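Dear colleague,

Please find below the structure that I promised to hand over.

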Amino acid sequence: MQAEHSVELNEQNFQQIIESSVQTPVLIHFWAPMSQESLSVIPALQQLAQQYGDAVTLALLNCQEQQGLAQQFGVQTLPTIALFKNGQAVDGMGGPQTIEAIQDMLSKHLPSQEELQLGQAFKLVEEGEYQAALPMLLALLDHFGGNGQIKLHIAQCYIETQAYDQAESILSEILMQDQDSKYKELVAKLELHKQAGNTPEIQALEEKHNAEPTNTEVALELAIQYSQVNRQEEALEILMAILVKDLNAQDGQVKKVMMDILSALGQGNPIAGKFRRQLYSLLY
């Protein structure tokens, strides 16, 4: 029988599959073509295994073809399912069962869906996929009660996607017991960004802008300078303030600079999303 998200158990591979339960729990489903109940539940089991991803291996044992193995496992009724961890059976169920009952049994021994998603999000951060990881981490934060490690990963995503204000905000929420080496590294990165983003040229432009707040040429130059040192949110705020008053300011150059910054930040960046919505509301 060909099956997706499962492996066929036989005399040749059963020892290897059982030994693999030391690393990954193995759920064995004992079935036979003559038992409609054992056959009909297989698609639901495969779907369940797919949801768990790498957290469990689903193994199917055809008791009609593998009678010796079935006897070795002491199977007396079909369907039967057994969960193996560390080479030993830790739980099981005999007779027809709903997929909900099977899921309840697995939930006692396997990570929850939220824990699996969190592991996936942490892996994305490790791989540098910050924009993909960020919405997952934000969605899971409340479920795990504002966990400090999740906040640190969120702060890392913010820093790497140049959302520095958000990074500073969430780092300020980190409790003392969670201020580990990763926390100190992120704070240092943020401090370096602040130092790099406060050049004498920018300071001079800031003074001029404060003295001449209606001078769009100075405001545009300051916004460009901000964007070049990754102070994108401040740049976008200046540009938006100009565009609210005049969509074609500086012969359209203000709008072009804003679109360039938004494009560089990318679709998944929260700052870009915020200002893109504001710009579209002006345009349309």
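A crossing of two helices is called left-handed if the near helix is turned anticlockwise from the far one by less than a right angle. Please bear in mind that the model is predicted.

The crossing of α12 and α13 is left-handed in this sense. Helix α12 spans residues 216-228 and helix α13 residues 232-245; their axes come within 7 Å and cross at roughly 155 degrees. Angles over 145 degrees count as roughly antiparallel, and α12 and α13 are therefore roughly antiparallel to each other. On the α12 side, the contact is made by T216, A219, L220, L222, A223, Y226 and S227, while α13 contributes Q232, E234, A235, I238, L239 and I242. These residues comprise 9 nonpolar, 3 polar and 1 charged.

Helix α3 (residues 42-52) has the buried residues I42, L45, Q46, L48, A49 and Y52. Seen down the axis of α3, they fall within an arc of 160 degrees, so they line one face of the helix. The buried residues of α3 pack against β2, α2, β3, α5 and α6. After α3 comes G53, whose phi is positive, near 60 degrees.

Which residues of α5 are buried? They are I102, M105 and L106. Their arc, seen down the axis of α5, is within 100 degrees, so these residues too line one face of their helix. E100 and D104, on the other side of α5, are exposed. The buried residues of α5 are covered by elements including β2, α3, β4 and β5.

Yours sincerely

Notes. Residues numbered from 1 in each chain as written. Predicted model: local features only at pLDDT ≥ 70, side-chain atom pairs only at ≥ 80, totals over all residues. Heavy atoms only, no water. Axes fitted to C-alpha atoms, helices over the stretch in contact; angles between N-to-C directions. Helix = DSSP H or I, 4+ residues; strand = E, 2+ residues; numbered from the N terminus. Parallel < 35°, antiparallel > 145°, perpendicular 65-115°, else oblique. Contact = heavy atoms within 4.5 Å. Nonpolar A, V, L, I, M, F, W, Y, C, P; charged D, E, K, R; others polar. Buried < 20%, exposed > 50% of the residue type's maximum accessible area, 1.4 Å probe, protein only. Arc of directions from axis to C-beta.
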